[in-house]
Amino acid sequence: MTDQEIEHLYLQHRPRFISWAGRCFRLGAQDALDLYQDAIVVFVRNVRVGRLDLAACTPPTYLFAIGRNLALKRLRDGKRTLAPDELDDELLSVPADLDELMREEHHQYLVRNGMARLSDREREIIRLYYFEERSMAEIASMMGYKNADVAKKMKHVSFQKLAEFIGKAELPQFA
Amino acid sequence: MSGDGDGWDMLEAFHEGRLSDAERVMLEERLRTDTALAERLANYRDTRRAIEQGFADEQVRAMLKGVEQRCAEDGHRIDHEVRSLLLEVERREAGRLRRSHRLRWSIAAAVIGVLAVGAWWLLRPKELPRLAAEFGVQEAPLPVFMSAERSSRVVLDEAMQAYDMGHDAEALDLLADLSASDTVLFYTALVRMRTGQDAAAELDAIIARPGSPYQAKALYHRMILAMRNSDAALAERLWRIQLAVPRHPYHDRLEELAAETGWKP
């Protein structure tokens, strides 16, 4: 999805989603907006990895389903104090891929936390290599390392720290 | 192959398809028999995917933040313009009531000035009601997403059904029973306009509320109302304000209207 498509989607369904989330989950305007942005992020992620079949279901249907799942997940995480009997029965009985979503969101949460614990330079080297797909030579030049080997070593150290923070301390290595 | 660096590099190179055929075959063979190694590769891939997704998510969040910021800035600017416009309309109506001798001369001078500009200026107000009928939009009723137990919601649903079926008197009665939310004001205005009544008060109330989800549509219908009343200056001003509304739902209609009226941004 291009940025333009995301912006169009975001603005198109924003009023209706916020009004719906406020009504169904008793959310304030800011909480409903946060929920909507989270739903858009998950929607875009799923479209980009080809997990959503947009020929089978319209974007707003997916968007509202994701929003519902995220809201229910937050309720279950105890981030909101809304009592379950305040919710519509229909909402709670909807079968949703909640476990899968929760697992993914939990993993993303661990990564976000791990990234936040890295130094700026460690985060940057990870971003340049794994997200921008820069070569080690480019990274060395951009970040002022002596050469590509030094940059590679730094990347390894940064990734290892991140993996430890995430809880996957065992980096791949041969015995 | 031993040590952190070598093994790690090898698996990363394998993941990125940078191994030679011989190295790849050898590693694939080991992965088939060494379950711990296969698990480490799976962990590496999971973490790497999560990192990539994390940065992609951050990028989307930053973009959405930018969109919100832009909308807020546009909203403030539009709010300011709308308030100025409403003040001007009030001033003009108050002035019309006073109608001093001097004002009549001023109006006469203005009319002469308008006459001098061109004949189409004279004809334009007469065409506006026709264009209002042509460009008027029949809004869809609100969909019902979830069941609700609150009675106000049930009344709103009934009002939407009445609106949808063209039972205007019933729709107005039902809407009148509800508190004056933006939704209620908006659909009340639509029914009133459909039945030839003045809906300026409802639409102006929505327009004056910052951040109302109905603001763009209210501006559009207020413009149609001004056109219906042959108030060319107000209609054109409202049209111009709407050009600054991002992702206006009736953007195409506004452009078509400009082609008909000759209005310039």
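Predicted model: local features only at pLDDT ≥ 70, side-chain atom pairs only at ≥ 80, totals over all residues.

Student: Which residues of helix 7 of chain B are buried?

Tutor: The buried residues there are B:Ala171, B:Leu174 and B:Leu175. Looking down the axis of helix 7 of chain B, these buried residues fall within an arc of 95 degrees, so they line one face of the helix.

Student: Why would residues three or four places apart point the same way?

Tutor: Because an α-helix has 3.6 residues a turn, residues three or four places apart point the same way.

Student: And what is exposed on the other side of helix 7 of chain B?

Tutor: On that other side, B:Ala169 and B:Ala176 are exposed.

Student: How do the axes of helix 7 and helix 8 of chain B cross?

Tutor: The axes of helix 7 (residues 168–176) and helix 8 (residues 182–194) of chain B come within 10 Å, and they cross at roughly 155 degrees. Angles over 145 degrees count as roughly antiparallel, and helix 7 and helix 8 of chain B are therefore roughly antiparallel to each other. Their crossing is left-handed.

Student: Which residues meet there?

Tutor: From helix 7 of chain B come B:Asp168, B:Ala171, B:Leu172 and B:Leu175, and they meet B:Val184, B:Tyr187, B:Thr188, B:Val191 and B:Arg194 in helix 8 of chain B. By class, the residues of this contact divide into six nonpolar, one polar and two charged. B:Ala171 and B:Leu175 take part in the contact and are also among the buried residues of helix 7 of chain B.

Student: Stepping back, how many helices and strands does chain B have?

Tutor: Chain B has twelve helices and zero strands. Of its 265 residues, 26% are buried, and among its contacts between residues at least 6 apart in sequence, 48% join residues at least 24 apart.

Student: OK, switching to chain A: what does that one contain?

Tutor: Chain A has eight helices and zero strands. Buried residues make up 30% of its 175 residues, and residues 24 or more positions apart account for 58% of the contacts in chain A with a separation of 6 or more.

Student: Which residues are buried in helix 7 of chain A?

Tutor: In helix 7 (residues 136–143) of chain A, the buried residues are A:Met136, A:Ile139 and A:Ala140. They cover an arc of only 100 degrees around the axis, which puts them on the same side of helix 7 of chain A. What covers them includes helix 6 (120–131) and helix 8 (148–166) of chain A.

Student: At what angle do helix 7 and helix 8 of chain A cross?

Tutor: Their axes come within 8 Å and cross at roughly 90 degrees, which makes helix 7 of chain A roughly perpendicular to helix 8 of chain A. The contact is made by A:Met136, A:Ala137, A:Ile139, A:Ala140 and A:Met143 of helix 7 together with A:Ala148, A:Val150, A:Ala151 and A:Lys152 of helix 8 of chain A. The residues of this contact divide into eight nonpolar, no polar and one charged.

Student: What comes just after helix 7 of chain A?

Tutor: Just after helix 7 of chain A there is A:Gly144, which takes a positive phi of about 75 degrees.

Note on methods. Residues numbered from 1 in each chain as written. Chains lettered and ligands numbered in written order. Buried ≥ 20, exposed ≤ 12 C-beta atoms within 10 Å, placed from the backbone. Helix = DSSP H or I, 4+ residues; strand = E, 2+ residues; numbered from the N terminus. Arc of directions from axis to C-beta. Contact = placed C-beta atoms within 7 Å. Axes fitted to C-alpha atoms, helices over the stretch in contact; angles between N-to-C directions. Parallel < 35°, antiparallel > 145°, perpendicular 65-115°, else oblique. Nonpolar A, V, L, I, M, F, W, Y, C, P; charged D, E, K, R; others polar. Left-handed = near helix turned anticlockwise from the far one by under 90°.
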